[in-house]
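Morning, everyone. I'll take one structure today and walk through its fold, its pocket and its side-chain pairs. Please have it open while I talk.

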Amino acid sequence: MQLRRRQLPLFLSILAALFLFGGSAFAEDWKLTGSGIRVKTVVLVDVNVYQISHFIKGAVEKSKKAVIDADIDKKFEWSMKRDVDHEKVVQTLRDAFAMNGYADKGKIDKFLAAFSRELKENSKISIVYDAAKKTTTVSVGGGGSASVEGVDFMKGVWSIWFGKIDQPKLGDALISKL
């Protein structure tokens, strides 16, 4: 009985902590690894297309390849800086998958179906990889959402910004805080 009496204060302290922090004391928060702006040059003028930030839960080496390969929770958050037709976004993403050697048409099509409408200025887009479920989910503000399974697909998506890209400095900016 005395053993239980000694354990009771510890048990109550743990319960109180869980109640006060809602379990967040045990959950890892998202860590910002960097942010940047996607720029498109139109007739010698640079136009801001979207602002993008990258976050992770956990630790990863400071290299683009390591971020692509990391099987940890991670996400991108975009905010559109101008209106862009959904067909242009879809084609640009298709080209980026191809440039990086990812060719699973079924998974790509499922992902791109979320981009069903024109992206308006200030629209929000999130791309989240859940390492436990091995699923990449895209949510497009004012559009749709889609979840695609597979570590291979996650690596294909992360290669768009950290692999072969026409703006390598954007990938650098997205890991600048690692």
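Start with contacts, meaning heavy atoms within 4.5 Å. Among contacts in the protein between residues at least 6 apart in sequence, 63% join residues at least 24 apart.

A word on the source. This is a predicted model: local features need pLDDT of at least 70, side-chain atom pairs count only at pLDDT 80 or more, and totals for chains, interfaces and linings use all residues. Residues are numbered from 1 along each chain as its sequence is written, and side-chain values use heavy atoms, with hydrogens and water left out.

Now the fold. The protein has 6 helices and 6 strands. Those are DSSP runs, numbered from the N terminus: helices are H or I with at least four residues, strands are E with at least two. Along the sequence the pattern reads α-β-β-α-β-α-α-β-β-β-α-α.

Next, burial. Buried means under 20% relative accessible area, exposed means over 50%, and partly exposed is in between, with a 1.4 Å probe and protein chains only. Of the 178 residues in the protein, 35% are buried.

One buried example is Ser123. Where does Ser123 lie? Ser123 sits in the loop between α4 (105–112) and β4 (124–130). Ser123 counts as buried because its relative accessibility is 12%. Leave aside neighbours within four places in sequence, and Ser123 is in contact with Trp78, Ser79, Met80 and Gly141.

On to the pocket. First the method. On a 1 Å grid over the protein atoms alone, a pocket is an open set of points where a 1.4 Å probe fits, with protein on both sides within 12 Å along at least five of seven lines; lining residues have an atom within 4 Å of a point. Grid points are joined across faces, edges and corners, and the volume is the space filled by probe spheres set on the points.

The largest pocket has a volume of about 540 Å³. It is lined by 24 residues, and the closest to its centre are Arg38, Lys40, Tyr50, Lys88 and Thr92. Which elements give two or more residues to that lining? They are β1 (31–42), β2 (45–56), β3 (74–80), α3 (86–99) and α5 (151–162). α3 gives the most, with 7 residues.

Now salt bridges. The cut-off: a side-chain nitrogen of Lys or Arg within 4 Å of a carboxyl oxygen of Asp or Glu. How many salt bridges does the structure hold? There are 10.

Take Asp172 and Lys64. Their side chains meet in a salt bridge at 2.8 Å, N to O. This pair links distant parts of the chain: Asp172 is in helix α6 (residues 168–174), Lys64 in helix α2 (residues 64–69), 108 residues apart. Asp172 is partly exposed, at 40% relative accessible area.

Asp69 and Lys65 also form a salt bridge, again 2.8 Å, N to O. These two are 4 residues apart in helix α2, so about one helical turn separates Asp69 from Lys65. Asp69 is partly exposed at 31%. Lys65 is exposed at 55%. Salt bridges link Lys65, Asp69 and Lys155 in a network.

One further salt bridge joins Lys134 and Asp71, at 2.7 Å, N to O. Lys134 is in the loop between β4 and β5 (135–140) and Asp71 in the loop between α2 and β3, so the pair ties together parts 63 residues apart in sequence. Lys134 is partly exposed at 32%, and Asp71 is partly exposed at 32%.

Last, the rings. Rings of Phe, Tyr and Trp (its six-membered ring) pair if their centres lie within 6.5 Å; planes under 30 degrees apart count as stacked, over 60 as edge-to-face, and the rest as tilted. The structure holds 12 aromatic pairs. Phe76 and Trp158 have ring centres 4.7 Å apart and planes at 35°, so this pair is tilted. Phe76 is in strand β3 and Trp158 in helix α5, 82 residues apart. Phe76 is buried at 0%, and Trp158 is buried at 0%.

Phe97 and Tyr102 make a tilted pair too, 5.9 Å centre to centre with 45° between the planes. Ring pairs build a cluster whose members include Tyr50, Phe76, Trp78, Phe97, Tyr102 and Trp158.
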